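Subject: Structure handover and notes

Dear colleague,

Please find the structure below, followed by an account of what came out of it. I would be grateful if you read the notes with the coordinates open beside them.

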2 protein chains.
Amino acid sequence: MTDPARLSLNLITADHWGLPEAVERCAAAGIAYVAPWRHQLDGDSARVIREAGLAVSSLCRGGFFTAPGADDDNRRAVEEAAELGAPVLVLVCGPPPTRDLAAARATIAAGIERLLPFAADHGVRLGIEPLHPMMIGERSAIVTLGEALELARRFAAPERVGVVVDAYHVFWDPRLEQELAAATGLVAGHHVCDWLVPTTDLLAGRGLMGDGIIDLAALDRLVVNTGYNGPVEVEVINPALAIVPPDELLADIQARFARIA
Amino acid sequence: MTDPARLSLNLITADHWGLPEAVERCAAAGIAYVAPWRHQLDGDSARVIREAGLAVSSLCRGGFFTAPGADDDNRRAVEEAAELGAPVLVLVCGPPPTRDLAAARATIAAGIERLLPFAADHGVRLGIEPLHPMMIGERSAIVTLGEALELARRFAAPERVGVVVDAYHVFWDPRLEQELAAATGLVAGHHVCDWLVPTTDLLAGRGLMGDGIIDLAALDRLVVNTGYNGPVEVEVINPALAIVPPDELLADIQARFARIA
């Protein structure tokens, strides 16, 4: 059984509630962590979360290193993460600007290298999140766990740069087991949801744990074996969740989380 | 420049024409090869193709080893390929029936092993086609070129079992170059189209060559370096093609094919 105390609600799951309401509901439901997205923040968010007695597992997201102005924006993201007390800033690395994927990947590596000292000064660990290969055109040229790990290892500072393992993005990979077996100390976060069959939307077609084909328990064991025992974020992007009554949704998420075993 | 004589039209690209019309149009346009899908065949197809002076590059598709009745259906597919004079039967290996991906992959390997002697007797090479990871739930548990190659290598008979490299399915892979560098003699087919940005449909959102983000020329060089110099199939699944006048579509495909360089 996954320890219920490790559950973090990634707030994109309940984006329609707004951060203050989501925080209040999580606190009432006994959920100990939240992971906000930057667009959900205002100047009061850190106080709201702290006074509700919650901790922040990560901030989503920095990255997009292939876009103009990325450096400034990423430094702001680090500052926001530090203000929230988020130990990790999740990096969605950005799509390739041209057909040259190797060049895009080099741009991303250089961007992380420039951001790293600033993040370290702020006590924020960078978490490189490989996205599903279907998202390469819009969101990330980093599309496999192996590549994210290789990138993280270049900096030889796992406490400063690691990877975020999102079940949805990586479950299909035949190299998953061997990559995680070699990833001790490199996992900075773990996200769960499920892959629905059929999947009809490339971004917002994600399912609640148990409704799809991902062996979340097996993946969790691989992640735990890397030494990661921090919060596990439930991150489900699906417009159908907006019509579920909030208390019912949180209770359902908690029950499904406990059944990952 | 890709040699225009290598162009094969995968007939799913013009599924709405029907096979006899597609064959006639290809012959008139000077296209030397076609690759039909099984649902397009009737008892007369082999004669129609032969009398038009065309050759068949491959038959799509066998596989689905994880489904009941796969063995019988795959033997029929081999017979159909042999009747058409298709040197290759493309294998779309089938989705995982449970959450256990390793079990699904073992089922697929066993299915290929059972089919192999029958295919060899009929002079038909099996071409394991890795599909894009976004298709795992409906179509194939084999989702990387590396895994397809590993599977093909198990049989140690590259002239009987190889892999089909479809640009759309594999272009995102950071291991592409190293996998193909080690794939001498193992490539049984090469398919091209393009990955559009944004991609809004998981099956039928494919683009014509040049409209997307795939470096088709670079991939073609990697494929040619494995020793593959056979037909290159243009396989574009997109309903928008149905409204293009047929002659215009073929001329456009030929021009775009020639520009892959």
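Helices (H or I, at least four residues) and strands (E, at least two) are here taken as DSSP runs, numbered from the N terminus. On that basis, chain A has nine helices and eleven strands. This is a predicted model, in which local features need pLDDT of at least 70 and side-chain atom pairs count only at pLDDT 80 or more, while totals for chains, interfaces and linings use all residues. Residues are numbered from 1 along each chain as its sequence is written, and chains are lettered from A and ligands numbered from 1 in the order in which they are written.

Chain A as a whole has a radius of gyration (over C-alpha atoms) of 17 Å, close to the 18 Å that the globule rule gives for 261 residues, so chain A is as compact as a globular protein of that length; the rule is 2.2 Å times the number of residues to the power 0.38. Buried residues (20 or more other C-beta atoms within 10 Å of their own, against 12 or fewer for exposed ones and partly exposed in between, with C-beta atoms placed from the backbone) make up 52% of chain A.

Helix α3 of chain A, residues 70-84, deserves a separate look. Its buried residues are Ala70(A), Asn74(A), Ala77(A), Val78(A), Glu80(A), Ala81(A) and Leu84(A). Seen down the axis of α3(A), they fall within an arc of 165°, taken over the directions from the helix axis to the C-beta atoms, so they line one face of the helix. They pack against α2 (45-51), β3 (55-56), β4 (59-63), β5 (88-92) and α4 (101-121) of chain A, whereas Asp72(A) and Arg76(A), on the other side of α3(A), are exposed. Just after α3(A), Gly85(A) takes a positive phi of about 75°.

Turning to the pair of chains, chain B can be laid on chain A with an RMSD of 0.0 Å by a turn of 180° and a shift of 0.0 Å along the axis, the superposition being by least squares on the C-alpha atoms of residues with pLDDT of at least 70 in both. The two copies are thus related as by a two-fold rotation axis. Of the residues of chain B, Met134(B) comes closest to that axis, at 3.1 Å (C-alpha).

Counting contacts as C-beta atoms, placed from the backbone, within 7 Å, 22 residues of chain B touch 22 residues of chain A.

Best wishes

Conventions:
Two residues are in contact if their C-beta atoms, placed from the backbone, lie within 7 Å. The expected span of a helix is 1.5 Å times one less than its number of residues.
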